[in-house]
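Work through the exercises below with the sequence and the 3D structure open. Each task is followed by a solution in steps.

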Amino acid sequence: MTPPQHDEERPLAALLVPDILDLLDEAPESVRAETEEMHPADLADVAKAMPRERVPQLLTALPLDRAADVLEYM
């Protein structure tokens, strides 16, 4: 069994997942603005770290061209 990791040892993507999931639940329209400064590769890491069934919701919340960029990194 792997010991639990401390927050400073976890990848940034894993730290962002709870916030992104909250946004998707409470205000999916704000995901676009809140993630626009993130590189698509970083968003792909977030998508990989979140529950698989929520990834389509994340991609749908992004502009089409941005979602395509994220998919390229996945």
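A residue is called exposed when its relative accessible area is over 50% and buried when that area is under 20%. The model is predicted.

**Exercise 1. Describe the overall make-up of the protein.**

Step 1. The protein has five helices and zero strands, and its pattern along the sequence is α-α-α-α-α.

Step 2. Of its 74 residues, 36% count as buried. The protein exposes about 5200 Å², of which carbon and sulfur atoms supply 52%.

Step 3. Take the contacts between residues at least 6 apart in sequence: 69% of them join residues at least 24 apart.

**Exercise 2. Determine which residues of helix α5 are buried and which are exposed, and where the buried ones lie around the axis.**

Step 1. Helix α5 covers residues 64-73, and its buried residues are Arg 66, Ala 67 and Val 70.

Step 2. These residues cover an arc of only 100 degrees around the axis, which puts them on the same side of α5.

Step 3. An α-helix has 3.6 residues a turn, so residues three or four places apart point the same way.

Step 4. Leu 64, Asp 65 and Glu 72 are exposed on the other side of α5.

Step 5. The packing partners of the buried residues of α5 are α2 (31-35), α3 (40-49) and α4 (55-61).

**Exercise 3. Find the salt bridge in the structure and state what it joins.**

Step 1. Side chains of opposite charge can pair when their charged atoms come close.

Step 2. A search of the whole structure finds one salt bridge. The side chains of Arg 54 and Asp 25 form this pair, at 2.7 Å from N to O.

Step 3. Arg 54 lies in the loop between α3 and α4, and Asp 25 in helix α1, so the pair ties together parts that are 29 residues apart in sequence.

Definitions and conventions:
Residues are numbered from 1 along each chain as its sequence is written. This is a predicted model: local features need pLDDT of at least 70, side-chain atom pairs count only at pLDDT 80 or more; totals for chains, interfaces and linings use all residues. Side-chain values use heavy atoms; hydrogens and water are left out. Buried means under 20% relative accessible area, exposed over 50%, partly exposed in between (1.4 Å probe, protein chains only). Helices (H or I, at least four residues) and strands (E, at least two) are DSSP runs, numbered from the N terminus. The arc is that of the directions from the helix axis to the C-beta atoms. Contact means heavy atoms within 4.5 Å. Accessible areas come from the Shrake-Rupley method with a 1.4 Å probe; for residues, only the protein chains shown count as cover. A salt bridge is a side-chain nitrogen of Lys or Arg within 4 Å of a carboxyl oxygen of Asp or Glu.
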